[in-house]
Amino acid sequence: MTFDASKYTKIKGFTVPKSFRPAPLTAEAKEWFYGRTILPAAIGYMRFQGLDITVEGAENMPVDGGAMVAVNHTGYFDFVYAGIPAFLNGRRLVRFMAKKEIFDNKIAGPLMRKMKHIEVDRFAGRGAYEEAVRRLRAGALVGIFPEATISRSFEIKELKTGTARLADDAGVPMVPVIMFGSQRVWTKGHKKQLGRVNVPVWIRVGEPIATTGDAAADTKTLQDAMAEQLHQLRLDYIDRYGDAPGAYWMPASLGGSAPTLEEANVMDEKLRLERIAKRDAKRDAKLIAEGKEPLGDTKLNDAAARGGDGDGGFGDGGGNGHVNGSHGFDGNSADTAGDSAAGDSTACSPER
């Protein structure tokens, strides 16, 4: 698709199609802390950075009623950018699912609670699951990264089934949100760019997807939709802004130097095992100091060894004794806003 600038305009500083008609302001627009303080501040920071943000399909974000907002994950600021379409369409607010460690942080925790994000204890996930369903049924937009962790390859990783399970249990649709360009600001394994960067970020919202009660089939439908949207968006991005062969932020499939999906999976698995080993060593050192018997290597029995690296999302129904396996929650948290909100604090290091 050749980008035709004459068919676009600016709303709140964001480039949108002229055909887009924002919905009237919703009740959420009056929420003073998140809607009238945090979001305007975030938008101001985006302008300071010189980000050129284009948003398409914002009309697909429900104006009322709940929805699972499923976002592809390539950078640490994705949770900020992913809320823009809802903000443009009636000033709605997306409540992200974030791991407990973020809420435990003295700075990030109070902010997350004031914004009404959802706390997820990776080893006792049933409460978070039920809270998310309750919020969805009450009409909230709940955000999640169904890939569980940042995709180093900038391709769509295998999705967890939790997004479909939550949507089906709550009786709400899944709304796929795809973005490209956020990895140029700050992504895993690369230097963060917090000053003036002047890079384009393109966000595209797909049509809502109804669930069928078959979590595996619904997850595949979501995966296919997100993969197709990302493929087309990347081609449009290159057509509009030019190619960047060899760039770290360009996927290998398009000539970039990012690892392939297979290579990225190997890297993630290695990191996951290193984390488990480090945690086990710390735990055993404490047990020995207390005169107790060390437990040794527990990675085969550990909840964090399933469905992700401990920062992951919803699993596939295995259960682990801590949670309800039928819900597909594996005890790990949804990798969400909190990872980025905490930055490189002690609560959650971004170089995961």
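Predicted model: local features only at pLDDT ≥ 70, side-chain atom pairs only at ≥ 80, totals over all residues.
Local features need pLDDT of at least 70 and side-chain atom pairs count only at pLDDT 80 or more, while totals for chains, interfaces and linings use all residues. Residues are numbered from 1 along each chain as its sequence is written, and side-chain values use heavy atoms, with hydrogens and water left out.

The chain holds 10 helices and 9 strands; these are DSSP runs numbered from the N terminus, helices being H or I of at least four residues and strands E of at least two. Of its 352 residues, 56% count as buried, where buried means under 20% relative accessible area, exposed over 50%, and partly exposed in between (1.4 Å probe, protein chains only). Among contacts with a separation of 6 or more, 73% join residues 24 or more positions apart; a contact means heavy atoms within 4.5 Å.

In soluble globular proteins, nonpolar side chains tend to be buried together. A nonpolar core is here a set of buried Ala, Val, Leu, Ile, Met, Phe, Trp, Tyr and Cys residues joined through side-chain atoms within 4.5 Å. The largest such core has 48 residues, and Ile53, Tyr81, Ile84 and Ile203 have the most contacts inside it. Helix α1 (residues 34-49) supplies the largest share of this core, 5 residues. Leaving aside residues up to four places away in sequence, isoleucine 53 touches Phe14, Thr15, Met46, Tyr81, Ile84, Val201 and Ile203. Another core, of 36 residues, lies apart from the largest one and includes Ile156, Leu166, Leu230 and Trp249.

The accessible surface of the chain, from the Shrake-Rupley method with a 1.4 Å probe, comes to about 15,000 Å², and 55% of it belongs to carbon and sulfur atoms. Tyr45, Phe48 and Leu194 make a nonpolar patch of about 270 Å² on this surface. Leucine 194 lies in the loop between β8 and β9 and is partly exposed, at 36% relative accessibility.

Asparagine 198 is in the loop between β8 (174-180) and β9 (200-205). Its phi is near 55 degrees, a positive value in a residue other than glycine. Most residues other than glycine have a negative phi. Lysine 116 also has a positive phi, near 65 degrees. Lysine 116 sits in the loop between α5 (108-114) and β6 (118-120) and is partly exposed, with a relative accessible area of 40%.

Conventions: Patch = residues over 30% accessible without salt bridge, like charges linked within 9 Å, V, L, I, M, F, W, Y side chains within 5 Å. Salt bridge = Lys/Arg side-chain N within 4 Å of Asp/Glu carboxyl O.
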